[in-house]
Amino acid sequence: MGLPLIAVLVSAVSAGLATVLQAMAVRRVPVVLGLRTASVAALLRSPLYLSALALVLGGFALTAAALQTLPVFIVQAARASSLAVTAVASVALLSHRLTRLEIAALVGVCLGLATL
């Protein structure tokens, strides 16, 4: 059970990081483009956005592999922790500041995962 658990935790980290990388890539698209085909094309040419998509795909594969041996509730809970990874990564990469309530929620997520 050790390797599948590590796989699903890596999957959560990759999904959380992918979310922040996608946000960074979208911020780099010029505002003039708006929500048009040109802005989507600009994103699909962005190495940052493409690497985020690769992280999502890799995380999906790791989750599918973990589901072969772990119970669904453990995989789902560990996968949902990607939200905590997103919050921490946004502090480091997007200069976001977490409120006390958000920090308490992060602690709750970590305690919940440790309990499982």
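1. A77 sits in helix α4. Its relative accessible area is 26%, so A77 is partly exposed; buried means under 20% relative accessible area, exposed over 50%, and partly exposed in between, with a 1.4 Å probe and protein chains only. From A77 to G112 the C-alpha distance is 8.6 Å, across 35 residues of sequence.

2. This is a predicted model, in which local features need pLDDT of at least 70 and side-chain atom pairs count only at pLDDT 80 or more, while totals for chains, interfaces and linings use all residues. Residues are numbered from 1 along each chain as its sequence is written, and side-chain values use heavy atoms, with hydrogens and water left out.

3. The protein has six helices and zero strands, in the order α-α-α-α-α-α along the sequence. Helices (H or I, at least four residues) and strands (E, at least two) are DSSP runs, numbered from the N terminus. Along the principal axes, the C-alpha atoms fill a box of roughly 50 × 35 × 20 Å. The protein has 116 residues, of which 33% count as buried.

4. Helix α1 (residues 2-28) and helix α3 (residues 47-66) have axes that come within 8 Å and cross at roughly 160°. The two helices are therefore roughly antiparallel. The contact of α1 with α3 holds 17 nonpolar, six polar and one charged residues. The crossing of α1 and α3 is left-handed. On the terms: axes are lines fitted to C-alpha atoms, for helices over the stretch in contact, and angles run from 0 to 180 degrees between N-to-C directions. Angles under 35 degrees count as roughly parallel, over 145 as roughly antiparallel, 65 to 115 as roughly perpendicular, and the rest as oblique. A crossing is left-handed if the near helix is turned anticlockwise from the far one by less than a right angle, and right-handed if clockwise. Ala, Val, Leu, Ile, Met, Phe, Trp, Tyr, Cys and Pro count as nonpolar, Asp, Glu, Lys and Arg as charged, and the others, Gly among them, as polar.

5. Helix α1 also packs on α5, at an angle of about 40° and with the axes 8 Å apart. That makes α1 oblique to α5. The crossing of α1 and α5 is right-handed.

6. With helix α4 (residues 72-80), the axis of α1 comes within 8 Å and crosses at roughly 30°. α1 and α4 are therefore roughly parallel. α1 passes α4 in a right-handed crossing.

7. Which residues line the largest pocket? They are L83, A84, T86, A87, S90, H96, L98, E102, A105, L106 and V109. The volume of this pocket is about 190 Å³. On a 1 Å grid over the protein atoms alone, a pocket is an open set of points where a 1.4 Å probe fits, with protein on both sides within 12 Å along at least five of seven lines, and lining residues have an atom within 4 Å of a point. Grid points are joined across faces, edges and corners, and a volume is the space filled by probe spheres set on the points.

8. Two helices, α5 (82-94) and α6 (100-115), each supply at least two residues of the lining of the largest pocket. With five residues, α5 gives the most to that lining. By class, the lining divides into seven nonpolar, three polar and one charged residues.

9. A87, one of the lining residues, belongs to helix α5. Is A87 buried or exposed? A87 has a relative accessible area of 19% and is therefore buried. A87 and L53 lie 34 residues apart in sequence, and their C-alpha atoms are 19 Å apart.

10. L93 is also placed in helix α5. Its relative accessible area is 42%, so L93 is partly exposed.

11. S95 lies in the loop between α5 and α6. Phi of S95 is near 60°, a positive value in a residue other than glycine. S95 is exposed, because its relative accessible area is 64%.
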